[in-house]
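Please keep the sequence and the model open while you read this note. It is written as a colleague might write it, point by point.

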Amino acid sequence: MKLLLDIHSRSPYPANSLSNFADHYFELDQVPIKCMEELLQSLKAPPQDQLAICQMDGRAAKEYGSVIRWQKNGSTFHWQGVYFNRNSKECWRFLVCAYDAIADQSTAYAQALLDTGHSLLWHSIGKSRKYQTCLTTVEFVSLLYYEKKRVRRRKSTRTTLKFSLNTECLSQS
């Protein structure tokens, strides 16, 4: 295993499987989602378009989201009628809940996390400024490490974690 894994859709396994473009079906608030990129791009879209974006191909969702000037609306994201600022704790809680959902519901995603072994994870093509992206490089890699720890813990204790809806996560203090 390489010492440094660049998480990218064109990287070899397991890095490509952890890309936000990799197909790992999961549900969030009873909305079926094909890959994480669709969910991330839907956060910028008008409410009436969110469900359709979550069914697009990841690259099509990225293209759709790239023309939305979400920074002009005060950097506000929303999901299913819940609004939150990109720089808020609520946004971070939502992202954690979303990554919890994919790690809990996709065995292939969870296995890819475990298969990274002791390698360092990085995302060389990501952006570092919050106003430029839905998820910075540091946020993305932090979420991967967090989920890897959760999956390892779950595997070692052999307990099944029940996913709680994101609206519950957003309402937690």
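The points below go through salt bridges, a hairpin, a pocket and a surface patch.

1. Before anything else, please bear in mind that this is a predicted model, and that each value quoted below was computed from it.

2. A search of the whole structure finds seven salt bridges, and one of them joins the side chains of D104 and R154, with an N to O distance of 2.6 Å. Because D104 belongs to helix α4 (residues 89-105) while R154 belongs to helix α6, this pair ties together parts of the chain that are 50 residues apart in sequence. R154 has a relative accessibility of 17%, so it counts as buried, given that the cut-off for this word is under 20%.

3. Another salt bridge is formed by the side chains of E147 and R150, at 2.4 Å from N to O. These two residues are three apart in helix α6, which means that about one helical turn separates them, and both E147 and R150 are buried.

4. Turning to the strands, β4 (residues 76-79) and β5 (residues 82-85) pair in the antiparallel sense over four bridges, and T76 has N85 in β5 as its bridge partner. The hairpin made by β4 and β5 has two residues between the strands, and Q80 takes a positive phi near 50 degrees there.

5. The largest pocket has a volume of about 550 Å³, and of the 28 residues that line it, F21, E37, K62, H123 and T133 are the closest to its centre. Helices α1 (36-42) and α3 (58-66) each supply at least two residues of this lining, and the largest share, four residues, comes from α3.

6. Finally, which residues make the nonpolar surface patch of about 620 Å²? They are L3, L4, L120, W122, V138 and Y145, and the elements that give two or more residues to the patch are β6 (120-122) and α6 (137-157). V138, which is found in helix α6, counts as exposed because its relative accessibility is 55%, where the cut-off is over 50%.

Definitions and conventions:
Residues numbered from 1 in each chain as written. Predicted model: local features only at pLDDT ≥ 70, side-chain atom pairs only at ≥ 80, totals over all residues. Heavy atoms only, no water. Patch = residues over 30% accessible without salt bridge, like charges linked within 9 Å, V, L, I, M, F, W, Y side chains within 5 Å. Areas by Shrake-Rupley, 256 points an atom, 1.4 Å probe, with all protein chains shown as cover. Salt bridge = Lys/Arg side-chain N within 4 Å of Asp/Glu carboxyl O. Buried < 20%, exposed > 50% of the residue type's maximum accessible area, 1.4 Å probe, protein only. Pairing = 2+ DSSP bridges. 1 Å grid on protein atoms, 1.4 Å probe; cavity = no way out; pocket = protein on both sides within 12 Å on 5 of 7 lines; lining within 4 Å. Points joined across faces, edges and corners; volume = space filled by probe spheres on them.
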